[in-house]
Amino acid sequence: MRIIKNISSGWLFKKGEWQNEKDFKDFTMVDLPHTWNAYDGQDGGADYYRGKGTYIYKLFRPDAPEGYLHYLEFKGANAIAQVFLDGKKVCEHRGGYSTFRVNVTEEIKDKPFVMVSVVVDNADHSDVYPQMADFTFYGGLYREVELISVPQTHLDLEYFSGPGFQYTSRVSGADAYLDATAWIKNPHEEDMVRFCLSNDSGEIVCEKYEKAEETVKTSLFVENAHLWQGVKDPYLYNLEISVIRNNETMDISGCDVGIRYFSVDPEKGFFLNGCPMPLRGVSRHQDKLMLGNALDEEDHYIDCELISEIGANTIRLAHYQHSQTFYTACDEYGFVVWAEIPFISVMNMDKAAHENAMLQMKELIIQNFNHPSICFWGISNEITIGGEREGLVENLKELNSLAKKLDPTRLTTMAQVSMLPMDSVQNDITDVVSYNHYFGWYGGNLEDNEKWVDAFHQKYPNRCLGLSEYGAEGIISWHSDDPKCKDYSEEYQAKYHEYMADMISKRPYLWATHVWNMFDFGCDARDEGGVKGRNNKGLMTIDREIRKDAFYVYKAYWSDDPFVHIAGRRYSQRPYGKMDVKVYSNQSEVTLFANGKEIGTQSGSKIFIFKDVPLEDGNNTIKAIGSSGTSDTVIFTRVKEPVPGYIMPEDPDDKQDGVKNWFDDLDVNAPIPELTFDDSFFSINDKIKDIFENEDAGCVVLSAISKFTGKKMKKSMLMVMANASLKDIAGVAGASNKEEVDRMLGIMNSELQKIKK
């Protein structure tokens, strides 16, 4: 019988490599999950430690029958991990987000214990994705480690560290068939494989015995199948697979089973089990304040519960493979999941990098095949920010073909950067496609969102289109009675999402929409809105403590749980005698009271605004009551003068932008300058971080982007890609076509070549 031991407690850790096997003085005791970037990866400065760290563990020979095989299972080590036993290298894994296992049987069979050392490296490597992205690449053994002991005959643990079995379901009227495959290592002639399906009460629904071979296939009949209906009814059966010899179970494993089928229509959107179900939800990163990405099981379930609170029915898990715990939680909560690999922002021309992307796709699918929540495999995200590189389309096609080969039952998708033309050949690669659009934040107006999606849908009515990202930063300290784009106020973020939620609700053809993001998350290079080291587009703060007003916008649109929420509570001190009170609710009527006096009752939907509510000097108790009886109360204080602390201080980036406008008199239709490269002067070949160390060179870049795109690009935004060259991130500037990009780069380069390093 399989024996699993969690060995996540009692590890030694130090930054750097272990040089002296007898010297432990620089080590500290840690428990897993652990990351060395829990603090410096979220505090800003683009200076978090990226390098090697060493973990040491004293592994005693497990108490198991003679002849058993022993595997160390690492559930996540970012990004490259080398495993040593008593100084002997036994494994190397390249890729920071998937599970990997190493057979350690021979190394421990004759010893009472061995010293396990794991050297983890989160430095930049040309052959490991992600290469460049808008989030912190936390280093460490940030998920748990287990020791798995199995007899010689067992479910295969070595095939890309998958579970050794998989299933698919076929619905036939009221019934269903479960097609299952198991891969058996070292089967004997007398061995059998038992497939047993139980309902959620533990009662056996059906079971079948097959002769054990290296590959065993069977089909189970499920009468009156109870379907997995997403968040409305996430019903799960349990499949148990056992390898049996004579009267003994040699190995056993299993998973939850959701019986369901789905489709996407370019006009009507997503269908689950034949019923329309518009996918409306959020994206999620796997980090938290002062924990980095080293989350435990409770953290994952808390996130699911919070996402469930707003009534979302889908989650895009960006931009890498997430914890098995979270996928399991999504199965249980009923979220429809988009799972993807970290092929993001830029394609490295290193051939080994493409092999790594293919490996990560194999691991993602093979390890997560059995999760009913996953309906979509994502092959890339904003991959043309780094430009249309030679071979990119071919690589995308190969990734898509691999995904379809490994799993023909699910659909493939990709998230396109906003600037990618509608007619790009990339949009024909995957089954469905989505775009990341930030009209009304990084550039353009809110109205451009609906104009763009309607234009795409009209031009390509047979393509399934979604929104994979949209959002605006919201800092809960900043407030405004007249919120505007880029003031970073909580009010503008709410206004932005009010518009987007309404726009999306009227367009069923959008097969899925995902808010960016559910939670603020770490990006050490960022310095936005006076908050360093974070992307602040979350509907909640990174510590999961504060629900921003925008959170309740979506709760009003998506949730059936009765509620009312008075907006603006953190803007508590008001320097006037009357104020408009905004209430978000999913109730049909809301009644407002001020200091115990009824102000009035409004009938409506989602957003209720009570105009000119009088404020007395000092504290004012404002209470809203919904038609179901749910209520919310906030105290607003009338003060004599506006509170300066509600206004974001001037951003240093804004000052730098105006030091020198290099291109006031530029003719944007002039011939593209010839590219020259004198290495003693700056050029577009230089890294972003090096260019911005020189004030004039930085101004050239920001001024050129402003001139050519009409968008005000901040230094902090470009510093997210600090290690990329200027020519490699031309796509992020938002130029409308290749000729414009080439002209912008040519003029930038011409001016940079006048600035000596």
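**Overall size**

The model is a predicted one: local features need pLDDT of at least 70, side-chain atom pairs count only at pLDDT 80 or more, and totals for chains, interfaces and linings use all residues. Residues are numbered from 1 along each chain as its sequence is written, and side-chain values use heavy atoms, with hydrogens and water left out.

Next I looked up the spans along the principal axes. The C-alpha trace covers about 85 × 70 × 55 Å.

**Make-up of the chain**

I looked up the secondary structure. The chain has 13 helices and 39 strands. Both are DSSP runs numbered from the N terminus: helices are H or I with at least four residues, strands are E with at least two.

Then I checked burial. Buried residues make up 59% of the 757 residues. Buried means under 20% relative accessible area, exposed means over 50%, and partly exposed lies in between (1.4 Å probe, protein chains only).

The accessible surface comes to about 30,100 Å². Carbon and sulfur atoms hold 48% of that surface. The areas come from the Shrake-Rupley method with a 1.4 Å probe, and for residues only the protein chains shown count as cover.

I also looked at contacts, meaning heavy atoms within 4.5 Å. Among contacts with a separation of 6 or more, 70% are between residues 24 or more positions apart.

**Asp 127**

I found Asp 127 in the loop between strand 9 (113-121) and strand 10 (145-150). Is Asp 127 buried or exposed? Its relative accessibility is 16%, so Asp 127 counts as buried. Leaving out residues up to four places away in sequence, Asp 127 touches Arg 94, Asp 350, Ala 352, Ala 353 and Asn 356.

**His 514**

His 514 sits in strand 29 (residues 510-515). Its relative accessible area is 1%, so His 514 is buried. Which side chain makes a polar contact with the side chain of His 514? I found Thr 314, at 3.0 Å. Beyond four places in sequence, the contacts of His 514 include Gly 281, Trp 338, Leu 467 and Tyr 470.

**Peptide bonds and phi angles**

I noted a cis peptide bond from Ala 318 to His 319, with omega near -25°. His 319 lies in the loop between strand 23 (314-317) and helix 3 (324-333). Another cis bond joins Trp 516 and Asn 517, with omega about 15°. Asn 517 is in the loop between strand 29 and strand 30 (521-528).

Then I looked up phi. Asn 273 is not a glycine, yet its phi is positive, near 55°. Asn 273 is in the loop between strand 20 (269-272) and strand 21 (275-276). Its relative accessible area of 7% makes Asn 273 buried. Asp 612 also has a positive phi near 55°, but Asp 612 lies in strand 37 (residues 606-614).

Phe 13 is in strand 2 (residues 11-15). With a relative accessible area of 8%, Phe 13 is buried. How far apart in space are Phe 13 and Lys 268? I read 53 Å, C-alpha to C-alpha, for a pair 255 residues apart in sequence.

Arg 534 is in strand 31 (residues 531-535). Its C-alpha atom is 6.7 Å from that of Asp 520, 14 residues away along the chain. The side chain of Arg 534 also reaches the backbone oxygen of Gln 42 at 3.3 Å.

Technical notes: Polar contact = N/O pair within 3.5 Å; in protein donor to acceptor, adjacent residues only side chain to side chain.
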